[in-house]
Amino acid sequence: MKQTLGERTKERRQDLGLSQAKVAQVCGVSQPAVDQVERNVTKRPKWLPELAKALGVSSEWLLHGVGSKEFVNNLHAKNHIDDSHFQTENAASNKNAPPDNLVGEARIAHMAASTQTQRFPPIKVLGTAQGGPSGAFLVTSEEAVAYVDRTPALNRIPGCYAVYVVGESMEPVIPHGELRFIDPVKPPSPGDFVLIQQKNGEHDDIHAFVKQLVRRTEKKIITKQFNPEAKVEFSADTVTVHRIVPWNEVHGA
């Protein structure tokens, strides 16, 4: 049976003894982004050329299984694989390409060093959000509980922040423990996943919930959860609703 891009990515990464986090670091994306590729959720990431370089293979081999999975040097590429499309598309980034004989940890280290100047300020993780009915306290100050890498796409979202999801009510779509990035600017539409922050009194703690927006009226915010499947309503005058950034937007797709 023909392998998928995700299967080839995982196979090559494991052959080199690299973690998803290490590959993500040099590609300038998050670890979940690499995981989404390996699980075939993302079929063709925009950062495919960077992924190929990190793994020491050609973009064509990752995408179509053409040629050898071992690193393809310039001579081999000219004789067997046409990478001209990817080379043209990424000519600006090729000036920092590592030597052809570097693979694995050495290649990752070289590329990480060459891209340090291209990094964006990290994103603050401001706490946790509950998928279940009780809600979880969300840190309300500017002090972060953690920091995570910011992608170029997220750098264009003013005030972007992140939370960790706890609980199982949004599984399998949003598993317990996963990180989600929040856009406080773009209004969410029905069908979007949202972070709802609820405060019932002036001195009450803010509680945060992750749900899917169904619709909103003047008085109510109607949402749904998946495990168990149920409708959940909030009073519109006690909540703030922020849009959860889809993974394809996190990585600029």
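**Group meeting: salt bridges and strand pairing**

Glu38 is buried, and Arg13 is buried too; buried here means under 20% relative accessible area, exposed means over 50%, and partly exposed is in between, with a 1.4 Å probe and protein chains only.

Some ground rules. This is a predicted model, in which local features need pLDDT of at least 70 and side-chain atom pairs count only at pLDDT 80 or more, while totals for chains, interfaces and linings use all residues. Residues are numbered from 1 along each chain as its sequence is written, and side-chain values use heavy atoms, with hydrogens and water left out.

The side chains of Glu38 and Arg13 form a salt bridge at 2.5 Å, N to O. By salt bridge I mean a side-chain nitrogen of Lys or Arg within 4 Å of a carboxyl oxygen of Asp or Glu. Glu38 sits in helix α3 (residues 31–38) and Arg13 in helix α1 (residues 5–15), so the contact ties together parts that are 25 residues apart in sequence. Helices are DSSP runs of H or I with at least four residues, strands are runs of E with at least two, and both are numbered from the N terminus.

How many salt bridges does a search of the whole structure find? The search finds 7. Another of them pairs Glu178 with Arg180, with the closest N and O atoms 2.7 Å apart. Arg180 counts as buried because its relative accessibility is 7%. There is also a network of salt bridges that links Asp183, Asp192, Arg243 and Glu249.

Next, the strands. Two strands pair if DSSP finds at least two bridges between them. Strand β6 (residues 193–198) and strand β7 (residues 207–216) run antiparallel and are joined by 6 bridges. Within that pairing, Phe193 has Gln212 in β7 as its bridge partner. On to strand β8 (residues 220–226): β7 runs antiparallel to β8, with 4 bridges between them. Leu213 has its bridge partner in β8, namely Thr223.

Glu233 pairs with Lys220, the closest N and O atoms being 3.1 Å apart. Glu233 is in strand β9 (residues 229–235) and Lys220 in strand β8, so this pair links distant parts of the chain, 13 residues apart. Are these two residues buried or partly exposed? Glu233 is partly exposed at 47% relative accessible area, and Lys220 is partly exposed at 40%.
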